[in-house]
Structure formats: structure tokens, C-alpha cells
Amino acid sequence: MRFSTIIRLSLGRAVISKNTHRFLKSSAVLNESEMSVHPIAESGFTSSELYDRVRPGYSKEAVTFLLHKLGVVYGKNATSNMQPTHILELGAGTGKFTRTLQDVLRGSNVEMITSEPVLSMRQEFAKIFPELKIKDFSAENIDLPDSSVDAVIAAQCFHWFANNESLSQIQRVLVPGGKLGLIWNSWDASFPWIKELNEEVVLPSYWETNTPHEMSYEWKKVLDASGKFLPVEGDESQFKSQQFFSFEELIDRLTSVSVIQVKNSSEKELMKKRVELIWNKYNEKNKLVFPHVVKIYWAERK
């Protein structure tokens, strides 16, 4: 593939545009899982400590809701003679979702398998969860046997690998009747300042680099059109979360966004000035509420 070529969206695949080639590593230093990762994700998530520090986690209530929709039986509903349930978490990152999943499932007959293709994320995950082994594979190359897991979960990441290759792999490793679960902490644009921040600062960076984003819902079109899963069901109304940021903390939060992380220093300084205008427009105290809508989706494999 010549990376100077513009590749348009095709069935929701993560694409490479003419503005993306400068973030690519030489193929000589990429392993197989990294070669499946979108170049913006590969370069934009190198600051894994920052990512873990500023990104929101997930409530036990939201995780429990998702597990229920996936048909995962644990706790008081499980019987002593039940076989272990196996859950695969793809794109686990630094373990923002894993942390709550582990708490919810503690003491249950459920075995967690975590995977992450980006090296810096795996390294940070290993620091936070030294007792857990995280596997090195991408969604397009799942290194597990056929029909080996009861559920697959992707938290804050499915839009990166919403393509037929990954869906074929997910379908392959799921048992018959197994389900795919998706969850995002999505910015709540019903708040005027979030809407302005998104439209003026963040979304243009996704558009100019042709980078996939969960708010486009291209991932849902791919999943529905794949023929590998029953129609997608979802909920975007039950759960919300929020963080509180000072101005500098907000800048850190924005810098953890992949398409902003890959910008050069002058571009980041310009972004900071734009954010400051929005901050001064809406801020009456030293901190602003940063709200999220928790989007949860699930689909059963055919």
C-alpha cells in the first residue's frame, strides 16, 4: 500500500488519508498487531499515562447493565455446576473499563481475557494490573480458538476497527448465541459549551485526517450490514457521567484525544487558544463540568 494515496471510507473501515502518512512508523518496526492499528491510534495513544489519568472510567451500574444484555451470568444468579464464562475485552487500553469489570465480577465464575495492540497502552495496563495478563493482538487477528468466548466487549474503541475483518474474527471466537457488547463515554453535546468545543476544536481534526469517530455512527452501519450479527440494540439514556476540570486539566483531557495528540506543538498551541476562548465564554468558576452520555450497544452473533 502506498500511504500517499487517499483511501476513502469503505464499509466503515479505518482509513488512511493524505494527512495521515506522517504518523506512520516504518513497517520494519511494526509487529502484526500494530500493522492492523490505524496510524492515528498508533501514534495518538503513546501518552498512555496521560490517557489513564484524564479519561473517565465506568460505573458499576453501567457495566452490570451491559453484562446483563450480553447474557453473562454471575454472582447470585450463577449455580455451582456452571461452566466458567469467558469474556474477551478488545482494545483494553490502560484498563479503564477492565477496572470496573474486574470489580463487578470479583469472586465469580467468569474468566476475563484482555487484549490491546498498542505497546504503550499494554505497558501502562501491566503497571496498573500486574496480576492480569494482557494479550497482544488486534481485533482483526484475534489469537483465540473458534467458539472460545461467550461475550466480546469493546469499550471506547470499536469505531477504530469497525470492519469486516474484525467482525469475522469476533464472530469466529464467539460461541453460538454469544454477543458483542460496545460501550462509550461520549461527550454530552446537549451542553452548549461541549457542543461548541466539539464542533470548533475536536471534530475538524477528525475530518481533516479522515479518522473514525464513534459519533459518526459509521461503526453501527458496518455492524448492521455485516450479516454476521442480529440487529444491533442499544441504550443512550440510562447512564451519564461527569468530570470536573480546571483549564489546564481540560487541555490535558483534549491532548489525550488521538487526533490532537498527533498535532505538532504550534498546532497544539493554536488549539489551546481556541479552547481558552470557549472556556472564558462559559466558565464562571475555576472548574467546568465535563459531562458524558454512556452509550451501550449489543448484538448477538448469527
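1. A salt bridge is taken here as a side-chain nitrogen of Lys or Arg within 4 Å of a carboxyl oxygen of Asp or Glu. On that criterion Glu49, Arg53 and Asp252 are linked in a network of salt bridges, and a search of the whole structure finds 15 salt bridges.

2. The model is predicted, so local features need pLDDT of at least 70 and side-chain atom pairs count only at pLDDT 80 or more, while totals for chains, interfaces and linings use all residues. Residues are numbered from 1 along each chain as its sequence is written, and side-chain values use heavy atoms, with hydrogens and water left out.

3. As to confidence, pLDDT is the predictor's confidence in each residue, from 0 to 100. The protein chain averages a pLDDT of 87, and 84% of the residues score at least 70. Over residues 1–32, however, the pLDDT is below 50, although this stretch has 57 contacts in the model beyond near neighbours in sequence, a contact meaning heavy atoms within 4.5 Å.

4. Buried means under 20% relative accessible area, exposed over 50%, and partly exposed in between (1.4 Å probe, protein chains only). Glutamate 49 counts as partly exposed because its relative accessibility is 44%, and arginine 53 likewise counts as partly exposed, at 48%.

5. Lysine 295 and glutamate 214 meet through their side chains in a salt bridge (3.3 Å, N to O). Lysine 295 lies in strand E8 and glutamate 214 in the loop between helix H8 (192–209) and H9, so the pair ties together parts that are 81 residues apart in sequence. Both lysine 295 and glutamate 214 are buried.

6. Lysine 287 forms a salt bridge with glutamate 249, with the closest N and O atoms 3.4 Å apart. This pair links distant parts of the chain, 38 residues apart: lysine 287 is in the loop between helix H12 (265–282) and E8, and glutamate 249 is in helix H10 (residues 247–255). Lysine 287 is partly exposed, with a relative accessible area of 42%, and glutamate 249 counts as partly exposed at 32%.

7. Turning to the rings, those of Phe, Tyr and Trp (its six-membered ring) pair if their centres lie within 6.5 Å; planes under 30 degrees apart count as stacked, over 60 as edge-to-face and the rest as tilted. The structure holds 13 aromatic pairs. One of them joins tryptophan 219 and tyrosine 297 edge-to-face, at 5.1 Å centre to centre and 75° between the planes. Tryptophan 219 lies in helix H9 (residues 218–225) and tyrosine 297 in strand E8 (residues 288–300), so the pair ties together parts that are 78 residues apart in sequence. Tryptophan 219 and tyrosine 297 are buried, and Phe158, Phe161, Trp184, Tyr217, Trp219 and Tyr297 form one aromatic cluster.

How values were computed
Helices (H or I, at least four residues) and strands (E, at least two) are DSSP runs, numbered from the N terminus.
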